[in-house]
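Here is a short tour of one protein model. Look at the sequence and the fold first, then read on.

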Amino acid sequence: MATIAAIFKRELRSYFATPIGYVFIVVFLVLCAYATFETGGFFEARQASLRAFFRYFPYIYLVVIPAISMRLWSEELSRGTVELLFTLPVKMSHAILGKFLAAWAFFGIALALTFPMVVTVNRLGDPDPGPIIAGYLGAFLMAGMYLAICLFCSAMCKNQVISFIAGFIVCVLFVLAGLPESVEFFAG
């Protein structure tokens, strides 16, 4: 457990050591705001609901999550530090779990920074808190699913750009598989 915590701290710290982590958070927040207010028709709906906010998360995650996870293993592979990591008394499962939890925690921080949307909805009306809590929980769990896929793609590629593209493509396939048109096509 101590090895997982050490890897978790190292990876989470690395997100905030450079401006790249902050850029990812800002891009995520801007995409969420744009999707909610411009594309989602938040004000046109005339309803105090975060439905427009949560609707576009699978598509926003297609860009943000591969960008967050592309460096996790591919950077270790390209620098040659993965051999050093595994010569230490660290189990592979501990290293994987530590890196995954750090990326998930980083994204959880970014998701928590969308809380002003909840404040906005509460100022405009009296929404039911149940769907909002369930929406945030679902968004967090969906991010974990995307991260697991992209972490696998990062482990398969030495190049970060190829890792990003591979994670993006695999996640797009999963999103397309869930669309009603795809379900109808394969059901028929």
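Contact here means heavy atoms within 4.5 Å. By that rule, and leaving out residues up to four places away in sequence, arginine 71 touches Glu11, Ser14, Tyr15, Glu76, Ser154 and Gln160.

A note on the source. This is a predicted model: local features need pLDDT of at least 70, side-chain atom pairs count only at pLDDT 80 or more, and totals for chains, interfaces and linings use all residues. Residues are numbered from 1 along each chain as its sequence is written, and side-chain values use heavy atoms, with hydrogens and water left out.

**Arginine 71**

Arginine 71 lies in helix H5, which covers residues 71–79. Helices are DSSP runs of H or I with at least four residues, numbered from the N terminus. Is arginine 71 buried or exposed? Arginine 71 is buried, because its relative accessible area is 18%. Buried means under 20%, exposed means over 50%, and partly exposed is in between, with a 1.4 Å probe and protein chains only. The side chain of arginine 71 also makes a polar contact of 3.0 Å with the side chain of serine 14. A polar contact is a pair of N or O atoms within 3.5 Å; within protein, one must be able to donate a hydrogen and the other to accept it, and residues adjacent in sequence count only if both atoms are side-chain atoms.

**Aromatic pairs**

The whole structure holds 17 aromatic pairs. Rings of Phe, Tyr and Trp (its six-membered ring) pair if their centres lie within 6.5 Å; planes under 30 degrees apart count as stacked, over 60 as edge-to-face and the rest as tilted. Here are two of the pairs.

| Pair | Centres apart | Angle of planes | Type |
|---|---|---|---|
| Phenylalanine 54 and phenylalanine 57 | 5.7 Å | 75° | edge-to-face |
| Phenylalanine 185 and phenylalanine 186 | 5.1 Å | 75° | edge-to-face |

Where do these rings sit? Phenylalanine 54 and phenylalanine 57 are both buried. Phenylalanine 185 is exposed, with a relative accessible area of 61%. Phenylalanine 186 is exposed too, at 68% relative accessibility. Ring pairs also link a cluster: Phe28, Phe53, Phe54, Phe57, Tyr61, Phe107, Tyr136 and Tyr146.

**Isoleucine 165**

Isoleucine 165 belongs to helix H10. What is its relative accessible area? The value is 42%, so isoleucine 165 counts as partly exposed.

Notes:
Helix = DSSP H or I, 4+ residues; strand = E, 2+ residues; numbered from the N terminus.
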